[in-house]
Amino acid sequence: MDKANKYKGRLGMQYKTFSINSKDVNYDSESRTISGYAAVFGNKDKAGDILIKGCFSKSIQDRGPGSAANDKIIVLWMHDMNEPIGRLTVLYEDDKGLYFEAPIDDVPRGNQAIKQLESGTLNQFSIGYQYVWENCEYDAEKDAFMVKEVKLHEISVVSIGCNGETEYLGLKSIEDAEKAYEELNAEISEVCSGMSAPKQQKIQRIISKVISLSSFKPENRKESSLEGQKADMHGNKVKSMFKNLKLK
């Protein structure tokens, strides 16, 4: 089976969620350190993936806590790059899976994470990553995607597992779309000045908005010359926006 067809929706940023239990994740409010396993090797998960030992090794080498990279793998609140809550001090693979240790910063979201992990309100973590397609393959016998390499970006405290394909919704009119394009242009100008890992992720989120906007159909749209003029302006803004979308 062609992996590009079976897994064609798995492009860009992906998220894989795991629940906390005493064996996999530990946290200590006094030391403010979370430690445990962020992923386990060899098991077929709900997404039909089997993580193979070694799939995180290049990411750890290139952007792990011992690397010289400026865009190290980070600990986030709810996959939000604007809400970092800690740094990884230990990250390695063993026969079981991906082990990590991360002191949590004394910041509002970090304090919230510690408190709600202790209370049990939060009981899930999620990793943000991208498939390295040339090092992954579909196994027909196991009906599973054998994941031999990913590009790991972050580990997040989450309330509910996130979907990497969530669309930018809520557009009901041409006016809403015009406002969204203004926001999108500003984001593109900001992001495309450099291509660090966090900015690559933001590019992906922006592109998700583009996809939604391109298929946007206003509800109860009136067919009039005024609407036609607005639609033309809308189309011109699309062209203008894509002129800005150049990776520098």
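**Close-up views of a predicted model**

View 1. Residues are numbered from 1 along each chain as its sequence is written, and side-chain values use heavy atoms, with hydrogens and water left out. Strands are DSSP runs of type E with at least two residues, numbered from the N terminus. Two of them count as paired if DSSP finds at least two bridges between them. Strand 5 and strand 12 run parallel and are joined by four bridges. Strand 5 (residues 74-77) also pairs with strand 6 (residues 80-87), this time in the antiparallel sense and again over four bridges. Look for V75, whose bridge partner in strand 6 is G86.

**View 2. The turn between strand 5 and strand 6.** How many residues lie between the two strands of this hairpin? Strand 5 and strand 6 have two residues between them, and M78 in the turn has a positive phi of about 55°. H79 is found in the loop between strand 5 and strand 6 as well. Its phi is near 65°, a positive value in a residue other than glycine. H79 is buried, with a relative accessible area of 4%. Here, buried means under 20% relative accessible area, exposed means over 50%, and partly exposed is in between (1.4 Å probe, protein chains only).

**View 3. Strand 8 and its neighbours.** Is strand 8 (residues 97-103) largely enclosed or largely open? Five of its seven residues are buried, so strand 8 is largely enclosed by the rest of the structure. Strand 3 (residues 33-40) pairs with strand 8 in the antiparallel sense over seven bridges, and Y37 stands opposite Y99 in strand 8. Strand 7 (residues 90-93) also runs antiparallel to strand 8, joined by four bridges. In strand 8, Y99 is the bridge partner of Y92. Strand 7 and strand 8 form a hairpin with three residues between them.

View 4. Strand 4 and strand 11 pair in the parallel sense over three bridges, with L51 opposite V147 in strand 11. D143 lies in the loop between strand 10 and strand 11. The phi of D143 is near 50°, a positive value in a residue other than glycine, and D143 is partly exposed at 36% relative accessibility.

View 5. The whole structure holds eight aromatic pairs. One of them joins W133 and F145: the pair is tilted, with 5.6 Å centre to centre and 50° between the planes. W133 lies in the loop between strand 9 (124-131) and strand 10 (136-139), while F145 is in strand 11 (residues 144-147), so the pair ties together parts that are twelve residues apart in sequence. Rings of Phe, Tyr and Trp (its six-membered ring) pair if their centres lie within 6.5 Å; planes under 30 degrees apart are stacked, over 60 edge-to-face, and the rest tilted. W133 is partly exposed, with a relative accessible area of 23%, whereas F145 is buried at 0%. Ring pairs link Y129, Y131, W133 and F145 into a cluster.

View 6. H153 sits in strand 12 (residues 150-158) and is buried, with a relative accessible area of 1%. Which side chain does the side chain of H153 contact? The H153 side chain makes a polar contact of 2.8 Å with the side chain of Q130. A polar contact is a pair of N or O atoms within 3.5 Å; within protein, one must be able to donate a hydrogen and the other to accept it, and residues adjacent in sequence count only if both atoms are side-chain atoms. Turning to the cysteines, the structure holds zero disulfides, a disulfide being a pair of cysteine sulfur atoms within 2.5 Å. The sulfur of C55 is 8.2 Å from the closest cysteine sulfur, in C136, which is too far for a bond. C55 is buried at 0% relative accessible area, and C136 also counts as buried, at 3%.

Conventions
This is a predicted model: local features need pLDDT of at least 70, side-chain atom pairs count only at pLDDT 80 or more; totals for chains, interfaces and linings use all residues.
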